[in-house]
Every structure is written in structure tokens, then in C-alpha cells.
Amino acid sequence: MAETAPLTHFEVIFDVEAHNTSKFRNDITVHLRGPHPASVELPTGEGPKHGGDGTAPYPLAYFASALTACIMTQLRAFSRRLEIPVTTIAVNTRLHWEAHQRGHAPYESAPIAFMMDIDLGGDASAADKTHLIYAAQKGCFVEQSLKPGIVRHRVKVGERWGEV
């Protein structure tokens, strides 16, 4: 009779503080909460095309990096848990959006496709590698966040916050 492990639960919580005091430079501090708290500074900016000075990475560069790094981290962690031998991990990700704009009005953007090419080194079978990628997809917090409706917005009016 197979032993069934108990289901555990954990939460991952980040708080972000961001300030913009000039042009398109955003000074951002990200705080990981919980038993192993940590904080990191992640400024963003835009290049001259958008009126910025190019003093920090574009916001989408962090997003692209986060998505790629998340799946890589889960691949490494879950290869050990699933006992699938992986010697190296290489991922090439292409993120493709489109935007529509009329005149100088604000544009509207939408994703077209995000493609990740994953190369897992080692002697694991194709079936094991596929199983590992499926598990990593399910465990990647960034990829799981890309579901319709998961991102909500609030607006501050006076001293109160309201749902948008």
C-alpha cells in the first residue's frame, strides 16, 4: 500500500513600494515577507523614445527575466523532488505583444504569444523531461499568474482605495 504524504500549504507574499519623482525612472523596493524575509531594489526606466533617460531596465525586462528565471528555478527544484536527472538547464524565451494606438491617444496592448524553448541536459527520457516541464509550469508562480482576471487594480482617491 502506497504511503500518502500529507498536503501542506504555504503562502508567498511580496509587498512593493514604488516612487516616481522624475521622467520615467521608478525607484522600486520589493519585500519578500514570511519566515525568510528579504528586500531588493529594482529600479525601472524607459529609454529616450518614451521620454526617459535609460537609467534602469525597462519594466518588461524584469517581467521577461522573472518568467524565465521562475521556470528555471522550478525545473531545478522539481528535478530533484521527482528524481529526474538534469545536468544543465537552458531556456530561451520569446515574449511577443502588440499594441494599437490612434494618434496620440494611450495605446492598448495585448500578448500575442510567450514561447519558452527548454533544453534539459542529462540522460532523462523525453517522457520524464516532459513530466518535469509540466510540473515546473504548475509550480511557477509567475506563469500561474498569467490567467485572466488574476491581476486586479485599485485606485487611491483621497485617502481611500477603490477597486477599478
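Entry 1. I began with D53, which counts as exposed at 52% relative accessibility, the cut-off for exposed being over 50%. A reminder to myself: this is a predicted model.

Entry 2. What does D53 pair with? I found a salt bridge to K23, with the closest N and O atoms 3.1 Å apart. K23 sits in the loop between β1 and β2, and D53 in the loop between β3 (38-41) and α1 (59-81), so the pair ties together parts that are 30 residues apart in sequence. K23 is exposed too, with a relative accessible area of 53%.

Entry 3. Next I followed the strands themselves. β1 (residues 13-22) and β2 (residues 25-33) pair in the antiparallel sense over eight bridges. I noted A18 standing opposite I28 in β2.

Entry 4. How many salt bridges does the structure hold? I get three. One of them joins D15 and R33, the closest N and O atoms being 2.8 Å apart. This pair links distant parts of the chain, with D15 in strand β1 and R33 in strand β2, 18 residues apart. D15 is partly exposed at 35% relative accessibility, and R33 is partly exposed at 36%.

Entry 5. I also looked up R25 and D27, whose side chains meet in a salt bridge at 3.0 Å, N to O. R25 is partly exposed at 27% relative accessibility, and D27 is partly exposed with a relative accessible area of 34%.

Note on methods. Residues are numbered from 1 along each chain as its sequence is written. This is a predicted model: local features need pLDDT of at least 70, side-chain atom pairs count only at pLDDT 80 or more; totals for chains, interfaces and linings use all residues. Side-chain values use heavy atoms; hydrogens and water are left out. Two strands pair if DSSP finds at least two bridges between them. Helices (H or I, at least four residues) and strands (E, at least two) are DSSP runs, numbered from the N terminus. A salt bridge is a side-chain nitrogen of Lys or Arg within 4 Å of a carboxyl oxygen of Asp or Glu. Buried means under 20% relative accessible area, exposed over 50%, partly exposed in between (1.4 Å probe, protein chains only).
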